[in-house]
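Work through these exercises with the sequence and the 3D view open. Each task is followed by its solution.

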Amino acid sequence: MSDQPTLWAAWSRVAAGTALSGADGVTVAEFAHHLGPRLESLSALLRSGEYAPQPLRLMAVTRGGERRDRGIPTVADGVAQRAFLHVAGDRWETRRAEVSFAYQRGRSWVDALTMALAYRDKGLRYVVRADISDFFASIDHQLLHEMVSGSLADPAVSRIVRGWFTAPMLTAAGLRTRVRGVPEGAPISPTLANLYLREFDARVDGRHGRLVRYADDLALFCGDLDAAISGARQIWAELVALNLRLHPDKTQITTFDAGFSMLGWVFDGEHGRPEQPNTDWTHPLLNAPQQGKLPASNGSPR
């Protein structure tokens, strides 16, 4: 991940993304002014083992009426993370459980809805709908470190990854130590979030029903009520083992006939409708055959 072609490719991804600066105050535009020497310096630090992640910069955002803290890495750290994903990301993705649809190359929320329809048509009409409460902020650092170490052969690389998700946060009151959570805003975080739930996916899917998960939003499709109840209990127990918990207001056992919403779509028996109709954007399921493969979409379900 320290070679120049990889770092240049990683830089192109960072430059195409956010223009926000990290704790060092260096913006993407400023980093670009001395791009060659900066990438050479980063490469040398990575090769020598002297590279150390910098603190994150706190940025508060409001989502769904709730405040969330995002941790913005420096541009250099963002490039290093992208370089790591370029080298190791494919290897991690090949080990994924097939139930996960978020942050996966070639997979999307539309594919998650396609799978939900397929399970409905196979007779799995009882559904456990659940949401992991404050997922990104609740990830246990020690458990995640064990998962990262078990997935990477090089201890030095494992230490770097740990440094990315344990980096302190720079706030107006100074540096704040972080003891849990992966920073929303860092390129590495979605991949780490999927890694954290890899065993959860494998354990839950297929025992009492079939699992479909999009980040912290999940549904277990079951053949009868007893299976759904047992599946809900297993989901709860597996999340407790990961020091996670279900959102009490977003967890229920329901059926396709009773109706439920998922990723912006309301399932209602054999039919459905957008959860929030939007005249400026057409939901992929609207006016589309609700059997088989759905059309691709670059839109957002939320």
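**Exercise 1. Which residues of helix 9 are buried?**

Step 1. Read off the buried residues of helix 9: Ser189, Thr191, Leu192, Ala193, Asn194, Leu195 and Tyr196. Buried means under 20% relative accessible area, exposed over 50%, and partly exposed in between (1.4 Å probe, protein chains only).

Step 2. Helix 9 spans residues 189–196, and seven of its eight residues are buried. Helices are DSSP runs (H or I, at least four residues), strands likewise (E, at least two), numbered from the N terminus.

A note on the source: this is a predicted model, where local features need pLDDT of at least 70, side-chain atom pairs count only at pLDDT 80 or more, and totals for chains, interfaces and linings use all residues. Residues are numbered from 1 along each chain as its sequence is written, and side-chain values use heavy atoms, with hydrogens and water left out.

**Exercise 2. Is arginine 107 buried or exposed?**

Step 1. Locate arginine 107 in the loop between helix 4 (75–94) and helix 5.

Step 2. Check its relative accessible area. The value is 17%, so arginine 107 is buried.

Step 3. Follow the side chain. It reaches the backbone oxygen of serine 100 at 2.7 Å.

**Exercise 3. What is the strand order of the open sheet of three strands?**

Step 1. The order is 9-10-11, with antiparallel pairing. Two strands pair if DSSP finds at least two bridges between them.

Step 2. Find the edges. Strand 9 (260–262) and strand 11 (271–274) each have a single partner strand, so one side of each lacks a neighbour in the sheet.

Step 3. Inspect one pair. Strand 9 and strand 10 (residues 265–268) are joined antiparallel over three bridges. Methionine 262 stands opposite tryptophan 265 in strand 10.

Step 4. Contact means heavy atoms within 4.5 Å.

**Exercise 4. How do helix 7 and helix 8 pack?**

Step 1. Take the angle between helix 7 (residues 141–151) and helix 8 (residues 155–166): about 150°, with axes 10 Å apart. Axes are lines fitted to C-alpha atoms, for helices over the stretch in contact; angles run from 0 to 180 degrees between N-to-C directions.

Step 2. Classify the angle. Helix 7 is therefore roughly antiparallel to helix 8, a term for angles over 145 degrees.

Step 3. List contacts. Among the residues that meet are His141 and Leu144 in helix 7, and Val161 and Phe165 in helix 8.

Key: Polar contact = N/O pair within 3.5 Å; in protein donor to acceptor, adjacent residues only side chain to side chain. Parallel < 35°, antiparallel > 145°, perpendicular 65-115°, else oblique.
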